[in-house]
Amino acid sequence: MRRRVSERNAARGNVWQWSLAFSAGAIICAATVLLAATAAAAKPRAPHVIATGGTAPLRTALVDPVFTGPRQAQAFAMTRSAGATYVIIRAPWRSIAPTTPADGFVPTDPTSSGYSWAGLDATLQAAQNAGLTPILEIDTTPTWAYDSQPDGVNAGTPNVADLGDFATALATHYHGLDPDLPAEHVFQVANEPNVSLYLDPVKASVYRAMVNSVAAAVHGVDPNNLVVAGGLDPFGHPKSKKQRWYSIAPLAFMRALLCLSKGAHPHATCHNPVHFDVWSHHPYTFGGPFGKAKLPDDVELGDMPRMRALLKAGVRLNHIVSANPVQFWVTEFGWDTNPPRKHAASLSLASRWTAESLHQMWLSGVSLVTWFLIEDYASPSPYQSGLYFHAESIEDARPKPVLTAFRFPFVAYVGKKKTVSVWGRDATSDQETVTIQFRHGKSGRWRRVAVISSNANGIFKAKLKLKATKKDWLRASATGSGNSLAFSLTVPHAPKIGPWGN
C-alpha cells in the first residue's frame, strides 16, 4: 500500500513536472511565433513586378556632319552614351571614285586604281570602335556617271548601271573578308529622292531602278546585307519663279514607286517590283508629336500609320521584294529648341515632344529612329535640333534636357477609371527593373507606385490603377539608366511650332 501510494505520488509528480515543461515550451513557442510575426511585419514586402511582353524594338541612331570631321571620335562616344546604336555615314561616290576613270578601271573592283577609300575606312572604324553600326548612305554622283546632268540647285540623275557598279565595289570593300577593314552591311539608296535637290527629275520610276540596281549589287555580295529605300522629305513643294527646286509629296511618290492606287484598299497600277529591306521616312512635324499634315499626301508624325499601311499593302501584293520582313525606319528627325533658336519649342516642351515622338513612331511600327543632330549648328543656322548646345569645341558642349528624353524616353497619360498608362524604353535597351515614381505637383517627394520589368528590347509599358490628377507628375527610374525626365499629366498647349522654329 505504501509502495503504491508512493508510486502514485511519484507519478503525480512526473505529471506535474511534465505540465510545467509543456507550459514553458508553449510559452517559448508562442514567443517565437510572436517574434517571427513581428519580424515579418517589419520586413518590407517585395513589390509586385509587372512584366512587359515581347514587342518590336526601338533602336536609335544619330546623323551629323561632325562624324566625318576631326572630332569624330568624341562625337561617336557621345552618340553611344546617348543610347544610340546606329549612325548614318555618307558614302560619297563622287569623292571615292576617280574624277576621270583611267583605262583599265574596273568600277566593280574596290581595289581598282582610282578608288580612294582611306577617309571612309577611318570614319567607319572609329564608329565601330565606339560600338556603333553605320548605315552607309550612298550619295553624290561623279560627273562621268550622270544620265541627266545637274541644273543649278537641282541634282541630276545617276546612270543606274554605274550606280550598281559602285554599290558592288562598296559592298565588296566592306564585306568583312579583310581583317583590317570594318564590315558594313546596311546601305541606304540616296537621301530624300522625292526632292529635286537630290534627284532631278524627281521620278519614282528612276528611283525604283536605282534601288533595284543597288539591291542586286549588295545582295549579290552578301544576301544578308540590308538595303534601305525612301528617306523621304515629308512635304510636297511645287516649283515656282522664286523657288527652282521642288518635291513630290511622299505618299504620292511612294504610291508611284510601289505601283499602288489611292484609297483604303490599294490595288496594283503596274507590275514593277522594287527590292529593298527597309523603308524610311523623315517625319518633320508642325505642332508637336501628334501633328498631322494639312495636305493629303504629306506625312508628318500623325500620318505615319498611313505610310505604314501603304508599305504593308506593297508587301501584301508582292510589289516589295525582300528576303526578310520589311522594316520601317526614320532616318532623320528632330526638334529645334529655344534657346538658341527663337520661336522654336522651349527646352521643356521640346524634351516632352522628344519622348512623345519616339513613342508615336514606335506605335506606328518604326523600329529605328535617327536624330538630327548631336550638336546644334552655330547660330544663325536654322538647324538647332542638337542633343547638345553648340560650343567652340564639341568636348565643351553642354547637354540639353532633350538628351535625357532621347536616351530614356518615358510618357504617361491619364486614362479612364482612375488609370494611368505608361510607356518607355530604358537607356540600355535590354531587360531592366524599372521603378515608376509619382509626385504631386511640381515639387515634393517622389514615391514608388509600380515596378515594371522591361522586355529584352528595353521596352516597358503598363496600365496602372492610380488616383492621379492633371497636377501630378510621373517618372521612370532604373539602375542602368538613371531617371527619366519628369512627365506631367497636364497636356501642354501645342502651338503650331515647326520643327525648325518656323
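Mentor: Start with the cut-off: a residue counts as buried when its relative accessible area is under 20%, as exposed when that area is over 50%, and as partly exposed in between. Keep in mind that this is a predicted model.

Trainee: OK. How many salt bridges does a search of the whole structure find?

Mentor: The search finds eight salt bridges. One of them joins the side chains of D139 and R90, with 2.6 Å from N to O.

Trainee: Which residue does R255 meet in a salt bridge?

Mentor: The side chain of R255 meets that of D297, at 2.8 Å from N to O. This pair also links distant parts of the chain, 42 residues apart: R255 sits in helix α7 (residues 250-258), while D297 sits in the loop between β10 (278-281) and α8 (304-316). Both R255 and D297 are buried.

Trainee: What about R306 and D303?

Mentor: Their side chains form a salt bridge at 3.7 Å, N to O. R306 is partly exposed, with a relative accessible area of 38%, whereas D303 is buried at 4%.

Trainee: Switching to pockets. How much space lies in the largest pocket?

Mentor: About 1100 Å³. Its lining has 45 residues, and those nearest the centre are E137, N191, E192, Y198 and E332.

Trainee: Which elements supply at least two residues of that lining?

Mentor: For the largest pocket, β3, α3 (93-96), β4 and β7 (186-189) each do. By class, the lining of the largest pocket has 26 nonpolar, 10 polar and nine charged residues.

Trainee: And the second largest pocket, what is its volume?

Mentor: The second largest pocket holds about 390 Å³. It is lined by 21 residues, with S348, R352, W473, A486 and S488 nearest its centre. Two or more lining residues come from each of α9 (347-363), α10 (401-407) and β23 (487-488).

Trainee: Which element gives the most to that lining?

Mentor: α9 does, with six residues. The lining of the second largest pocket divides into 13 nonpolar, six polar and two charged residues.

Terms used. Residues are numbered from 1 along each chain as its sequence is written. This is a predicted model: local features need pLDDT of at least 70, side-chain atom pairs count only at pLDDT 80 or more; totals for chains, interfaces and linings use all residues. Side-chain values use heavy atoms; hydrogens and water are left out. A salt bridge is a side-chain nitrogen of Lys or Arg within 4 Å of a carboxyl oxygen of Asp or Glu. Helices (H or I, at least four residues) and strands (E, at least two) are DSSP runs, numbered from the N terminus. Buried means under 20% relative accessible area, exposed over 50%, partly exposed in between (1.4 Å probe, protein chains only). On a 1 Å grid over the protein atoms alone, a cavity is a set of points where a 1.4 Å probe fits but cannot get out, and a pocket is an open set with protein on both sides within 12 Å along at least five of seven lines; lining residues have an atom within 4 Å of a point. Grid points are joined across faces, edges and corners, and a volume is the space filled by probe spheres set on the points. Ala, Val, Leu, Ile, Met, Phe, Trp, Tyr, Cys and Pro count as nonpolar, Asp, Glu, Lys and Arg as charged, and the others, Gly among them, as polar.
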